[in-house]
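Keep the viewer open and follow along.

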Amino acid sequence: MRTRSLLRYSLAALAVVAATAAFPSASHAITFDFTSDHCTGGCGTAPFGTVDVTQVGANVHFVVDLANGVSWAQTGAADFQLFKFNATGVVVGDISVVQTFAGQTLQANTGAFNGDGTGPFSFGISCSTCGNGALGIASNLDFTIASATIADVTAGNPTNIFVADVLGTTGNTGPVDVSVPGPLAGAGLPGLVLACGGLLGMARRRRQRAA
């Protein structure tokens, strides 16, 4: 009885997933944590910040929010990019960056970025007027990618999903990253899909043992 009940709830949850996928205008979000530390000497205690990725209609909205005491850096260890990511079917002209750094200019870039062994990336956000090194700025990065889905912008490289260049609470600078596999059961559609898959697998194993 418990197995049948578990299976029924799993199938119901999968129906919700299917319904959500059928309406791309629906908004859903995933939050990723920066937990991997590539700073020489260490940047402090993780998490170093979050990346909120939200599907808003046909576009994907990013907000990169650093943790308290952590601020942005722009160094060669991260290819002089504040934030790096990969994307499928995207060109740099699809990316609109909000100017959240007071008196400075943020821009989207494309290239072959592979600093400090964090893996290859094709896109980055940089501050073209900030200079290099520790910037002393902790404002969020806020940008939107037009005509894209969350799946288009969250594939691993395959080591990492996102990288940020930061000044940590230790006074050291360097890259911190969101490592694959990222949030396994976080908010949003991918987490729900994984959770439902796990429940279905559990129900199947219990049914087999009962037989």
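## Leu 141 and its strand

Let's start at Leu 141, which sits in strand β11, covering residues 141–145. Strands here are DSSP runs of E with at least two residues, helices are runs of H or I with at least four, and both are numbered from the N terminus. This is a predicted model, so local features need a pLDDT of at least 70 and side-chain atom pairs count only at pLDDT 80 or more, while totals for chains, interfaces and linings use all residues. Residues are numbered from 1 along each chain as its sequence is written, and side-chain values use heavy atoms, with hydrogens and water left out.

Is Leu 141 buried or exposed? Leu 141 is buried, with a relative accessible area of 0%. (Buried means under 20% relative accessible area, exposed means over 50%, and partly exposed lies in between, using a 1.4 Å probe and protein chains only.) Leaving aside residues up to four places away in sequence, Leu 141 touches a list of residues including Phe 62, Val 63, Trp 72, Leu 82 and Ile 125; a contact means heavy atoms within 4.5 Å. Thr 100 is also on that list: Leu 141 and Thr 100 are 41 residues apart in sequence, yet their C-alpha atoms are 6.7 Å apart in space.

## The five-strand sheet

Strand β11 belongs to an open sheet of five strands, in the order β1-β3-β4-β11-β7, with antiparallel pairing. Which strands stand at the edges? They are β1 (28–33) and β7 (95–97), each with a single partner strand, so one side of each is left without a neighbour in the sheet. From one strand to the next, the twist averages 20°; such angles run from 0 to 180 degrees between N-to-C directions, with axes fitted as lines to C-alpha atoms, for helices over the stretch in contact.

Two strands count as paired if DSSP finds at least two bridges between them. Strand β4 (residues 59–66) pairs with β11 in the antiparallel sense over five bridges. Along this pairing, Val 64 has Leu 141 as its bridge partner, and Val 63 stands opposite Asp 142. Three bridges join β7 to β11, also antiparallel, and here Ser 96 stands opposite Thr 144.

Out in β1 you'll find Thr 31, which is partly exposed at a relative accessible area of 37%. Its side chain makes a polar contact of 2.6 Å with the side chain of Asp 52. (A polar contact is a pair of N or O atoms within 3.5 Å; within protein, one must be able to donate a hydrogen and the other to accept it, and residues adjacent in sequence count only if both atoms are side-chain atoms.)

Strand β9 (residues 121–127) is mostly covered, with six of its seven residues buried. Strand β8 (residues 106–113) pairs with β9 in the antiparallel sense over six bridges, and Phe 113 stands opposite Phe 121. Three bridges join β6 to β9, again antiparallel, with Phe 83 opposite Ile 125.

Gln 81 lies in the loop between β5 (71–74) and β6 (83–85). Gln 81 is buried, with a relative accessible area of 6%. What does its side chain make a polar contact with? The partner is the side chain of Asn 109, at 2.9 Å. Beyond near neighbours in sequence, Gln 81 also touches residues including Phe 113, Ile 125 and Asp 165.

Overall, the chain has three helices and 13 strands. Of its 211 residues, 41% count as buried.

The mean pLDDT is 81, and 73% of the residues reach 70 or more; pLDDT is the predictor's confidence in each residue, from 0 to 100. Over residues 1–25 the pLDDT is below 50, and this stretch has 28 contacts in the model beyond near neighbours in sequence. Over residues 182–211 the pLDDT stays under 50 too, with 39 contacts beyond four places in sequence. Where pLDDT is low, the predicted coordinates should not be read in detail.
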